[in-house]
Amino acid sequence: MYSYLKNLENRLTEDQKDILKRIWEPTVVEIPLADSRRDICILPDGEIRSYGTLYASRHFAQDGQAAYLSSTDCGLSWSIKYSHGKMNSCTYLEKAGIYITVCDTYNNNKGIDSGLYVYRSHIGPDDSNPEVTKLSDERYIDSFLPQQSFFTDRIWFTTQLNGNPVFFYSDDFGKSWKRREFPAPHNFETVFPHKGLRWCKGSGCEPYVVELNKDKMMMIIRTPMDCFYKSYSYDGGDSWTTPEPSTFYGTDTTAFLLRLTDGRIITFWNNTKPLAQPNHKATMPYAGECVEAGTGENAFTNRDAAHAAITEDGENFIGYREIILNEARNHSDFRYIGGAKSSLDKSVHQYQAFELPFNKVLVSVGQNKASRRLIIFDINWLYETERAEDFLK
């Protein structure tokens with residue numbers, strides 16, 4: 001599962017190894033070409049790719065040039081290359097020797113009808129003619145990249161349908177799939193100081209799953225409440241418990257779970273609460289219906305601090321440290337900085353993370369080029385219990 005780590009290390013010169021080892025606190029190394037969620041992949045030979053689009057006339061436009069940032073030194077430096085394949089960001093299934101990815105309504109830029117698709121290839125991201133399987137005509141959105149079990153041949157990915165989390169899994173490396181939906185939580189209701197449920201009014205959305213052990217899995221779910229919700233599976237994903245509140249504070253943001261080589265798990269999330277809900281119609285007569293209904297600017301505020309915590313037993317997390325602040329959060333022209341071509345949202349919410357050699361982690365975080373970043377930090381930084389500043393340095 002982690003054979004790529006050795007290949008990453010083998011690509012480094014002695015100087016590059018020393019530079020990587022010296023990184024401690026979160027350090028920005030690049031600005032990704034797309035909003036964080038699922039656009040980074042690490043190839044078996046140790047190349048890291050971060051996909052996106054160049055020259056588009058607007059966000060999600062089809063007239064741009066597919067491209068990716070490439071790093072062959074563990075993310076220390078990056079170069080831009082055009083993408084000419086159809087797979088792009090994908091997961092390498094080492095046990096089967098194939099690459100796999102998911103294409104949903106939102107990331108459908110491959111000239112096919114809307115729906116939910118799985119792409120499989122023996123070639124990799126540059127494959128111009130991968131095997132395509134359509135799973136559904138329904139409007140699934142915000143799918144994450146497939147993951148491979150550490151203990152079995154099962155693979156899975158999470159997505160959402162109509163504001164509700166959905167879990168797809170396969171036991172034949174993506175040839176056939178089964179779907180699991182989730183029972184609705186019983187306590188989604190407006191509580192002070194909120195005036196509405198803000199955007200997600202289903203059972204939660206943008207779910208992400210991590211294996212805790214051979215049979216036990218945990219899903220963390222974005223909600224309109226003041227905390228993320230969680231659900232457990234005790235049979236490898238065949239069935240799930242009713243979502244319930246987790247210990248992670250945060251409203252209307254997306255979390256990510258990274259399992260490390262040694263079994264520890266890092267959670268990335270926004271430990272923040274949105275701003276109070278104003279009357280946008282009174283202050284902005286031109287505001288659209290989505291804003292007035294709480295699905296636009298009314299919901300997506302104060303997502304300006306990203307956090308991380310680590311667990312050694314799958315239950316008790318420590319650290320809870322701030323890994324990055326939104327550089328555009330105090331900009332006087334916040335609404336327009338970065339432009340609409342990049343993304344209408346500007347935040348350090350949404351994540352994707354990978355383990356690197358020498359106890360480091362690479363994290364993609366954020367939306368809009370004004371805010372999103374690629375960062376590297378040392379895992380032991382999360383264990384610090386003291387902090388000091390020398391103003392003479």
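Reply: Cys-103 is buried, with a relative accessible area of 1%; buried means under 20% relative accessible area, exposed over 50% and partly exposed in between, with a 1.4 Å probe and protein chains only. This is a predicted model, in which local features need pLDDT of at least 70 and side-chain atom pairs count only at pLDDT 80 or more, whereas totals for chains, interfaces and linings use all residues. Residues are numbered from 1 along each chain as its sequence is written, and side-chain values use heavy atoms, with hydrogens and water left out.

Cys-90 is also buried, at 5% relative accessible area. The closest cysteine sulfur to that of Cys-90 belongs to Cys-41 and lies 4.8 Å away, which is too far for a bond. A disulfide requires a pair of cysteine sulfur atoms within 2.5 Å, and the structure holds 0 of them.

The nonpolar cores come next. A nonpolar core is a set of buried Ala, Val, Leu, Ile, Met, Phe, Trp, Tyr and Cys residues joined through side-chain atoms within 4.5 Å. The largest has 36 residues, and those with the most contacts inside it are Phe-256, Ile-266, Phe-268, Ile-323, Val-361, Val-363 and Phe-377. Beyond residues up to four places away in sequence, Phe-268 touches several of these, including Phe-256, Ile-323, Val-361, Val-363 and Phe-377, and it also meets His-307 and Ala-308; contact means heavy atoms within 4.5 Å. A second, separate core holds 21 residues, among them Tyr-4, Leu-5, Val-29 and Ile-48. In soluble globular proteins, nonpolar side chains tend to be buried together.

His-307 and Ala-308 are also contacts of Tyr-320, as are Thr-247, Phe-248, Trp-269 and Ala-309, leaving aside neighbours within four places in sequence. Tyr-320 lies in strand 22 (residues 317–325); helices (H or I, at least four residues) and strands (E, at least two) are DSSP runs, numbered from the N terminus. Between Tyr-320 and Ala-308 there are 12 residues in sequence but 5.4 Å in space, C-alpha to C-alpha. Tyr-320 is partly exposed, with a relative accessible area of 36%.

Helix 1 (residues 3–10) has Tyr-4, Leu-5 and Leu-8 as its buried residues. These cover an arc of only 105° around the axis, which puts them on the same side of helix 1; the arc is that of the directions from the helix axis to the C-beta atoms. Their cover includes strand 2 (40–42), strand 3 (48–54) and strand 23 (347–356).

Tyr-55, in the loop between strand 3 and strand 4 (65–71), has a positive phi of about 70° although it is not a glycine. Asn-368, in the loop between strand 24 (360–367) and strand 25 (373–378), likewise has a positive phi, near 70°, in a residue other than glycine. Tyr-55 is exposed, with a relative accessible area of 60%, whereas Asn-368 counts as buried at 0% relative accessibility.
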